[in-house]
Amino acid sequence: MTDASVPASPPFRLSMLVNDRRYRSMTFQVVVFILVMAGAWWLVMNTIHNLSLMGKSFNFGFLFQRAGYDIPQTPIPYTADDTHLRAAVVGLLNTLIVAVLGCIAATVLGVIVGVARLSNNWLFARLMTVFVEIFRNMPLLLWILIVYAVFTEIMPAPNAFRGDNPTASMILFDHVALTNRYTAIPTLAMTNDPGSLDLGARITFNWATIAIAGALIAGLIARRMIRDRAQAVQDRTGIRPVTWWQTLAVMTVPTLILIWYFGLHLEAPSLQGFNFTGGLNVSNSLVALWLALTLYTAAFIAEIVRAGILAVSRGQSEAAFALGLRPNRTMSLVILPQALRVIIPPLISQYLNLTKNSSLAIAVGYMDLRGTLGGTTLNQTGRELEAIVLMMLTYLVISLIISAGMNIFNARVKLKER
């Protein structure tokens, strides 16, 4: 039986794909998709045709050929007899090292400068303003070259630290030596070395590092369990038990026991002959790149932090002062937690910028991904298209991972509104 109150649908006609709003949006999306795919197909076929005219083919077989060039600083074992693929991996690790170190240092310095710009001390606040304006208004490449020139032209040679009356001296309690070739820093050493785990491909991982990392992870899990139990007690009785000493114990005691058992200590560098030995000699190209990236990005992070703090209502500070909180406690417990929801989104962009800006390392000879895969490997093999595609995909994956991680962190710390 047909309901007479419901009008019958008109029969479908092709004109409805454009005139009927039920089908119009879908029609436009299908047309745009076909055009994009057609453009991509034309681009790929045109590239393959032009490569064939030059006698080339699009393949990545060159990655497994002998690299034949040296890399000054390698986080994993590498020789000139290794493949271009391993050289690219070394370059990628060097990129990640400078990006991680730069993000950490820039965040610490940026937060300090951003908070200091709001200080009641007029002179101190103006000095921080000068820092921000100087570093963010000059090109990053210029800063990299300036810092590198300072290290290579002003710092003393290693032999200046030799003799009974040396013309140069080490800093930080005789643990760090700044020279015109490298920066000698202490390294971790063990008196009871348990050996290393062989991961293959000449990559090893020390058992002591694995044990300490396992102790820290177990401590974090135990800390979470203690916090959940304390929250359950508070929900049941209204009184939160004191748990700070339990948290401190599970986080530090196992790690300290492992450090004592393995005899972990700092081994300071010492001058032996013409060079420092016993520590780690970090190339000046890495130090200059890291320092320039840190100072440049910290200037932008400082402005982001200042804007986030100013975005918090002044009434929040006045309420905290009325409760008797000191200014530093008000900043750490009231203002900064609320300012994070404003700070974190633009902070993600600064982390991405720092990671991508690390490709300027080629200016000071630091062999990152741009210097290996996009530099020497590209020039030796003539596979410019494949090398550029690999670099683009690598930087894209790194950026997406950073963005996803920071978005997860932002979701965890943002205010939960009812």
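Visitor: With which residues is Tyr 366 in contact, leaving aside its neighbours within four places in sequence?

Guide: This is a predicted model, in which local features need pLDDT of at least 70, side-chain atom pairs count only at pLDDT 80 or more, and totals for chains, interfaces and linings use all residues. Residues are numbered from 1 along each chain as its sequence is written, and side-chain values use heavy atoms, with hydrogens and water left out. Contact means heavy atoms within 4.5 Å. With those sequence neighbours set aside, the partners of Tyr 366 are Asn 94, Val 98, Ser 285, Leu 286, Leu 289 and Ala 361.

Visitor: Which residues have the most contacts inside the largest nonpolar core?

Guide: A nonpolar core is a set of buried (under 20% relative accessible area, 1.4 Å probe, protein chains only) Ala, Val, Leu, Ile, Met, Phe, Trp, Tyr and Cys residues joined through side-chain atoms within 4.5 Å. The largest one has 45 residues, and those with the most contacts inside it are Leu 289 and Tyr 366.

Visitor: Which helix supplies the largest share of this core?

Guide: Helices are DSSP runs (H or I, at least four residues) and strands likewise (E, at least two), numbered from the N terminus. Among the elements that each supply at least two residues of the core are α3 (84–116) and α10 (327–357). The largest share, 14 residues, comes from α8.

Visitor: Which residue in β9 is the bridge partner of Tyr 182?

Guide: Two strands pair if DSSP finds at least two bridges between them. Strand β2 and strand β9 (residues 280–283) run antiparallel, joined by 4 bridges. In β9, the partner of Tyr 182 is Ser 283.

Note on methods
Buried means under 20% relative accessible area, exposed over 50%, partly exposed in between (1.4 Å probe, protein chains only).
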